[in-house]
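Subject: Structure handover

Hi,

Here is the structure I promised to pass on to you. Have a look at it first, and then read on for my notes.

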Amino acid sequence: MNTKIAPSILSADFARLKEEIEEVEAAGADYIHVDVMDGHYVPNITIGPLVVEAIRPVTNLPLDVHLMIEQPEQYIKAFANAGADILTVHQEACTHLHRTLQLIKNAGVKAGVVINPATPADFIKPVLHQVDLVLLMTVNPGFGGQSFISEVLEKVKRISEWRNEMNLDFEIEVDGGVNAETAAACVNAGANVLVAGSAIFSKENRQQAIQEIRNAY
Ligand code: DX5
Ligand code: ZN
């Protein structure tokens, strides 16, 4: 699978969101990663469907929407209608995970499932056949700019092995603390989508920032 870079706009300048997205698209980004936080599932509040709708016409790239919210099933329709291409829900936030993933598929959007660093990979094994993407958090969700938790790489490997054994073709994404130092280990473990927030948006030259990550694997 081709390795993809998904800049997380959490670290972008929100007053210039359009320009920031255009800049990373021109710099070769593959997805735009959108972090949705509700102040309950994670201790931070960010953006909702209105912002997704506002940025939809700004880019041709798929909008990879990471829902860090409680009861995500209540908001699937809203985010799908707003223009999300991939909707990723936390296993820990879904009482009926299978049903929520089905809801995403029924909304005509790609379905992703995500687990936190301390959640065992086994918890999502029963739904792997249902998903287009598995996201492994490499930090505890809530904020940009945290340090990479390398223990998660074991889970990346395991899930990539299961994908082979089960003959499935979902993407494996990592999110949190991914930069030119940590990218190679992620790719070697089996990840093919690298989310990077601060590693891209804290740099003046986004093209160079993305290239530095690509050069690292
Ligand atoms: C964390 C978010 C991440 C975050 C990554 O809760 O899900 O997408 O923006 O930021 P960096 O790359 O700075 O760790
Ligand atoms: Zn994220």
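Let me start with a question: is H33 buried or exposed? Please keep in mind that this is a predicted model. H33 is buried, because its relative accessible area is 0%, where the cut-off for buried is under 20%. The residue sits in strand β2. Beyond its neighbours within four places in sequence, H33 is in contact with A6, P7, S8, I9, D64, H66, L135, E173, D175 and V195.

H66 counts as buried too, at 0% relative accessibility, and its place is in strand β3. Among the residues that H66 touches, not counting those up to four places away in sequence, are H33, D35, H90, M137 and D175.

Now to the metal. The zinc ion (ligand 2) is coordinated by H33 through NE2, H66 through ND1, and D35 and D175 through OD, at 2.0 to 2.3 Å. Its 6 donor atoms subtend angles of 70 to 169°, so the arrangement is octahedral. Along the sequence, the spacing of the donor residues reads H-x1-D-x30-H-x108-D. H33 in strand β2 (residues 32-37) and H66 in strand β3 (residues 63-68) are 33 residues apart, a pair that links distant parts of the chain.

The record has something to say here as well: an unreviewed UniProt entry lists H33, D35, H66 and D175 under "binding site". These residues span 143 residues in sequence, yet no two of their C-alpha atoms are more than 10.5 Å apart, so they gather at one spot. From this set, D35, H66 and D175 belong to the lining of the largest pocket.

Best wishes

Conventions. Residues are numbered from 1 along each chain as its sequence is written. Chains are lettered from A and ligands numbered from 1 in the order in which they are written. This is a predicted model: local features need pLDDT of at least 70, side-chain atom pairs count only at pLDDT 80 or more; totals for chains, interfaces and linings use all residues. Side-chain values use heavy atoms; hydrogens and water are left out. Donors are N, O and S atoms within 2.8 Å of the metal (3.2 Å for Na, K and Ca); water is not among the atoms, so sites may look incomplete. Four donors count as tetrahedral if all angles lie between 85 and 135 degrees; four count as square planar and six as octahedral if opposite donors are over 155 degrees apart and all others between 65 and 115; anything else is irregular. Helices (H or I, at least four residues) and strands (E, at least two) are DSSP runs, numbered from the N terminus. Buried means under 20% relative accessible area, exposed over 50%, partly exposed in between (1.4 Å probe, protein chains only). UniProt positions are given in the numbering used here, feature names are shortened, and annotations may be inferred rather than shown by experiment. On a 1 Å grid over the protein atoms alone, a cavity is a set of points where a 1.4 Å probe fits but cannot get out, and a pocket is an open set with protein on both sides within 12 Å along at least five of seven lines; lining residues have an atom within 4 Å of a point. Contact means heavy atoms within 4.5 Å.
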